[in-house]
Amino acid sequence: MAGSNFVDYVKIYCRSGKGGRGSTHLHREKFVPKGGPDGGDGGRGGHVILRGNRNYWTLLHLKFQRHVFAGHGESGGASRSFGKDGKDEIIEVPCGTVVFDAETGEFICDVTEDGQEVILLKGGRGGLGNWHFRTATNQTPRYSQPGEPALERGVILELKLLADVGLVGFPNAGKSTLLSVVSAAKPKIADYPFTTLEPNLGIVSYRDNKSFVMADIPGIIEGASEGKGLGLRFLRHIERNALLLFMVPADSDDIRKEYEVLLNEIATFNPELLDKHRVLAVTKSDMLDDELIDEIKRDLPDIPCVFISSVINMGLTELKDILWKELNSEDNRVTTITHRNLDIQATKDEDDWDEEFIIDEDDIIDEDDIVDYDEEEWDYDTDDSKEDNKN
C-alpha cells in the first residue's frame, strides 16, 4: 500500500483545550472604596470535533496530521470579564468513518452522514471567578476556581466504504472486470492473484436513469478473518454494503464449496453480515453450454443465482435486474450495524504516530490546575492570586 492515495486507516493523537482560570479580583475605583469581588469566569477549552464531509473519499489528508490540539480557554478578568473560549478543532472525515480507542480498541463512534458532527473530546469547563462566591458572611472572597484540565486520547480512524453492492470473491474471480464493464471505473486488471490491492467504487447505470454504487473489494482467501492474506484490512469495507454479490468462477472445482468458504469468512468476521441479502454470480460462464449450466444449477445454494461473462456481456442485464430487486426489498433494510472492537495486536504493524513530539510550555498543564470535579459541586482553589488583586 506504499505510495497509494487510498488511505483507510489512520492513528492520531487528540487533545482538547483546558478551561481558563477564574479571576480573583476586587473592584477598585475612585469614590468606590469597597467595590467587592468582580472576578470573571474563565473561558471553555476547545472541543475536538469530527465532521462528516461527502467531498472526502479517503483519510489521506490526515495521514501526515497525527496530532490534533484544540485551543485552551483564556482566564477571566476584572469587572466580571469572561475569558475567551478556546478554539475548537474540527477534523473533516469521509462518510463511513469509524473511530476506535487506540489503547483498548473499543468502539467510540461512527460518522455516516454529510455534515454530521460528533464531539470526540470535550474541552474543559472554565473556572468561576470570585464574584460567584460572595455571600453575606463572606463579602470579599479571595479565591476562584481553576479551569478543568484538558482531555487527551489516542484514536484510530477506519474508513468503511459506503456502497450499495459489495463484490465478494476469491482473487481472480472477475470482480474488477465486472466493475469495469458495468460502470466507468477503471480498476487494475491482470491475470495474477491480488491484482486489486485497494477497494474501487463504480456507479452502475440502470433503467430510467436509476443507478446504484458497486464496490470492488480485494480478494478474500480462506482464513482472512484470522488475518491471512489481506485479512481484516478490507473485510471491514463489506460491513457497509447493503447487498453482497458473491462471485465464483465457472471453472472452479466446487462452486458451492467456494461460496460456503466465503460465507464462513464473512460470518466469522461479523455474524451480523449474514442478515444482508446475498446474490451469487457464476463468472466466466462463456465457456459453458446450456446443458452444463443446467447441471451446475442443481448444486447451487438457495439464493438468487445468475451466470455471467463480463467479456461477452452475458447475463449482465439479468444481474442488474436481480441486484436492483434485492436492493429495494423491504426485508433488506439494515439501519444499524454493530462494530466489533479492534484487535490492537492485529493492527500493531499499521502506521503509528510519533511518540516524541514537542509541546509548547504554554500547553503544559499545571499540577495545581488538576482538580477532581463533581458534577453538582466543583472544588475550588483557595490560593490567592496576587496578580489579579492588583489595582
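Mentor: Before we look at any residue, note that a helix here is a DSSP run of H or I with at least four residues, that a strand is a run of E with at least two, and that both are numbered from the N terminus. The model is predicted, and by that reading the protein has five helices and 14 strands.

Trainee: In which element is the place of E258?

Mentor: E258 belongs to helix 3, which spans residues 255-269. With a relative accessibility of 22%, E258 counts as partly exposed, because the buried class stops under 20%. Once its neighbours within four places in sequence are set aside, E258 is in contact with F170, V248, P249 and S252. For V248, which is 10 residues away along the chain, the C-alpha separation from E258 is 7.1 Å.

Trainee: What percentage of the residues of the protein count as buried, and what percentage of its contacts join residues 24 or more positions apart?

Mentor: Buried residues make up 49% of the 391 in the protein. Among the contacts with a separation of 6 or more, 76% are between residues 24 or more positions apart. S23 is buried, having a relative accessible area of 2%.

Trainee: How should I read a helix that has some buried residues, and which residues of helix 1 are buried?

Mentor: The general idea is that an α-helix has 3.6 residues a turn, so residues three or four places apart point the same way. In helix 1, residues 175-182, the buried ones are K175, S176, L178, L179 and V182. These residues cover an arc of only 160 degrees around the axis, and therefore lie on the same side of helix 1. The elements that cover them include strand 9 (165-169), strand 10 (200-205), strand 11 (211-216), strand 12 (243-249) and helix 5 (316-327).

Trainee: At what angle do helix 1 and helix 5 pack, and how far apart are their axes?

Mentor: The packing angle of helix 1 and helix 5 is about 90 degrees, and their axes are 12 Å apart. Helix 1 is therefore roughly perpendicular to helix 5. L178, V181 and V182 of helix 1 make the contact with L316, L319 and K320 of helix 5. Sorted by class, the contact of helix 1 with helix 5 has five nonpolar residues, one charged residue and no polar ones.

Trainee: How are aromatic pairs to be read, and how many does the count come to?

Mentor: A pair of aromatic rings is described by the distance of the centres and the angle of the planes. Here the count comes to six aromatic pairs. One of them, formed by F100 and F107, is edge-to-face, at 6.0 Å centre to centre and with 70 degrees between the planes. Within this pair, F100 counts as buried at 1% relative accessibility, whereas F107 counts as partly exposed at 27%.

Mentor: Another pair, Y206 with W324, is stacked, at 5.1 Å centre to centre and with 25 degrees between the planes. This pair links distant parts of the chain, since Y206 lies in the loop between strand 10 and strand 11 while W324 lies in helix 5, 118 residues apart. Y206 counts as buried at 17% relative accessibility. Ring pairs also join Y206, F212 and W324 into a cluster.

Trainee: With which residues is E117 in contact, leaving aside its neighbours within four places in sequence?

Mentor: Those contacts of E117 are I49, L50 and R51. E117 is placed in strand 7, residues 117-121, and is partly exposed, with a relative accessible area of 45%. From C-alpha to C-alpha, E117 and N53 are 9.8 Å apart in space, and they are 64 residues apart in sequence.

Methods:
Residues numbered from 1 in each chain as written. Predicted model: local features only at pLDDT ≥ 70, side-chain atom pairs only at ≥ 80, totals over all residues. Heavy atoms only, no water. Buried < 20%, exposed > 50% of the residue type's maximum accessible area, 1.4 Å probe, protein only. Arc of directions from axis to C-beta. Contact = heavy atoms within 4.5 Å. Axes fitted to C-alpha atoms, helices over the stretch in contact; angles between N-to-C directions. Parallel < 35°, antiparallel > 145°, perpendicular 65-115°, else oblique. Nonpolar A, V, L, I, M, F, W, Y, C, P; charged D, E, K, R; others polar. Phe/Tyr/Trp six-rings, centres within 6.5 Å; stacked < 30°, edge-to-face > 60°.
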